[in-house]
Amino acid sequence: MTGSRATPTPTATAHDRHRSGLALLVIASCQLMVVLDVTIVNIALPHMQKDLGFSTENLSWVVNAYTLTFGGLLLLGGRLGDILGRRRVFIFGVLLFVFASLLGGLSQEGWQLLAARSLQGVGGAIASPTALSLITTTFREGPERNRAFGVFAGVSAGGSAIGLLAGGMLVEWLDWRWVLFVNVPIGLLIAFATPRFIPESERHPGHFDVLGALTSTVGMVLLVYGFIRASEDGWTDGLTLGSFATAIVLLAVFIMIERGSKQPITPLWMFRDRNRAGSYAMMLSLAAALFGMFFFLTLFVQNVLEFSPLRAGLAFLPVSAVIAVSAGLTSQLLPRWGPKPFMVVGALLAAIGLGWLTLTDVHSSYLGSILGPMLVFGFGMGMQFVSLTLMAVSGVAPKEAGAASGILNATQQVGGSLGLSILVTTFGTASRNEQAEQLRIIRQEVSPAQYEQLSRTEVLPPPWGAEVLTSGVSSAFVVAACFAVLAALVALFVIQVRPADLARLQGGATPLAAEGADDGEADGPTPGAEATRRDPDVPSPDPDDPGPGPGTDRPTKGL
């Protein structure tokens with residue numbers, strides 16, 4: 001009958017919006033829980049060291065154990081959701097993260113905490129890329145998905161600052177173990193709410209690329225470990241060089257495996273799109289700057305400005321606020337102007353903020369020298385994360401959304417780890433040079449016995465120690481600013497936005513024939529563009545099609 005399909009009523013529409021809002025709240029809450037765990041333990045590290053007997057060198061592995069497993073397994077986590085169903089894999093990752101957090105909070109020995117942190121990384125690597133994939137299948141392309149990405153990007157970018165604040169509150173008011181215990185009730189609520197508000201995605205037939213997953217994971221872990229080892233033991237250390245060499249070999253083998261696989265864990269054709277490849281490169285550079293900013297400012301405000309853990313956490317709250325505001329504005333304005341202007345300006349603002357921070361010294365104050373550059377940096381990063389997220393995953397077929405989001409998340413975590421290691425190495429070199437200078441000054445002001453003790457321990461008291469720390473932090477910010485400038489250059493010279501891309505962002509139809517003509521391709525829809533216009537709940541016409549193979553000459557178009 002003609003009237004059998006009723007027009008949706010305003011009440012039904014409001015109900016759908018309410019349900020979509022709750023679905024986004026669940027997804028964003030998971031991402032916040034996973035992202036802030038990178039920084040929430042930072043303020044608690046001295047207390048962990050005292051209770052569990054860590055040496056100063058081994059203490060760094062409380063952070064590194066999480067980052068290594070998280071960054072190394074993200075690609076596999078994204079693929080799990082594609083094949084097994086994203087909602088069920090999402091719930092499994094959240095519950096694994098909760099279980100590991102509980103074990104970490106109950107730890108009585110150092111090795112137990114490190115094992116729990118590694119297991120947390122595994123859970124996060126499963127949940128995080130699946131969360132981003134759920135946005136691509138839950139929200140329709142256009143303004144609705146733009147807003148969802150804006151919220152997701154704001155949470156991803158601001159999670160580090162929120163983690164520092166939450167860590168300060170929990171350590172000062174309760175105990176260091178609560179930086180881990182707090183994940184348990186939050187994660188259980190997320191797992192309980194997920195099947196009620198998020199539909200299960202289509203399961204795409206396929207197999208797990210075990211060799212690809214193994215070589216990429218171990219290769220990335222060794223690459224990250226090599227940089228971390230270099231920051232501690234130098235670039236000529238045998239284990240450092242061995243880690244780099246093995247990592248290069250494994251990653252080369254990984255590329256060879258992916259080129260010959262029918263269903264690769266990382267479809268290499270994604271990198272043929274210059275916009276998507278440029279987005280990955282920008283995320284790599286900007287994540288390094290972001291991790292470095294939080295790490296070194298945390299040291300500065302506590303050791304030089306002498307802030308308490310809670311006050312240190314509160315000092316970063318304005319960054320979270322300005323990132324959220326910037327991300328919201330960008331998601332609203334992006335359909336009109338496209339992502340490129342926001343990518344260029346955002347990277348330049350980040351570089352300006354980091355360059356401003358290089359002027360800090362022992363006489364700097366929070367209001368006079370720290371707050372301003374942090375706000376400039378945060379506003380630029382809010383613009384970046386919305387644009388980069390849309391650029392990296394738009395136009396990807398639903399069956400490949402997990403791999404695309406896994407690559408994006410992997411570049412963020414690996415970029416942050418590798419970049420932070422480079423910045424720590426810069427910090428160490430500058431600090432050692434400044435320490436030698438301060439020892440020459442101290443020798444004229446203290447007794448020979450005191451000078452001998454200070455030279456032996458290499459720990460200088462105030463005000464000399466503050467001079468050493470400040471010199472290292474300032475030098476690290478110089479390199480971090482260079483990372484942001486590199487991202488701006490990529491945005492300026494690599495990223496291209498066509499009129500058809502703006503039509504897609506505004507929720508309109510994409511003139512595929514014209515697009516293909518512009519690119520010198522034959523008329524007809526590309527696999528990714530066709531998939532993104534289909535309703536996510538409607539099965540693909542050919543579910544057994546593995547998608548573009550290694551020899552495909554028609555890559556999916558990015559934004």
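**Close-up views of a predicted helical model**

**View 1. Thr-470 sits in helix H19 (residues 464-493).** Helices here are DSSP runs of H or I with at least four residues, strands are runs of E with at least two, and both are numbered from the N terminus. This is a predicted model: local features need pLDDT of at least 70, side-chain atom pairs count only at pLDDT 80 or more, and totals for chains, interfaces and linings use all residues. Residues are numbered from 1 along each chain as its sequence is written, and side-chain values use heavy atoms, with hydrogens and water left out. Is Thr-470 buried or exposed? Thr-470 is buried, at 5% relative accessibility. Buried means under 20% relative accessible area, exposed means over 50%, and partly exposed lies in between (1.4 Å probe, protein chains only). Not counting residues up to four places away in sequence, Thr-470 touches Phe-300, Val-304, Thr-360, Asp-361 and Val-362. Contact means heavy atoms within 4.5 Å.

**View 2. The largest nonpolar core has 111 residues.** Such a core is a set of buried Ala, Val, Leu, Ile, Met, Phe, Trp, Tyr and Cys residues joined through side-chain atoms within 4.5 Å. Which members touch the most other members? They are Val-94, Met-293, Leu-354 and Met-374. Helix H12 (residues 274-303) gives the largest share of this core, 14 residues. A second, separate core has 16 residues, including Leu-45, Met-48, Val-63 and Leu-113.

**View 3. Leu-354 has several contacts beyond its sequence neighbours.** Neighbours within four places are left aside. The contacts of Leu-354 are then Ala-289, Met-293, Phe-377, Phe-477, Ala-480, Ala-481 and Ala-484.

**View 4. Helix H12 is mostly covered.** Of its 30 residues, 22 are buried. From first C-alpha to last, H12 reaches 44 Å, close to the 44 Å expected at 1.5 Å a residue. That expected span is 1.5 Å times one less than the number of residues.

View 5. The disulfide count is zero. A disulfide is a pair of cysteine sulfur atoms within 2.5 Å.

View 6. Buried residues make up 56% of its 559 residues. Among contacts with a separation of 6 or more, 84% join residues 24 or more positions apart.
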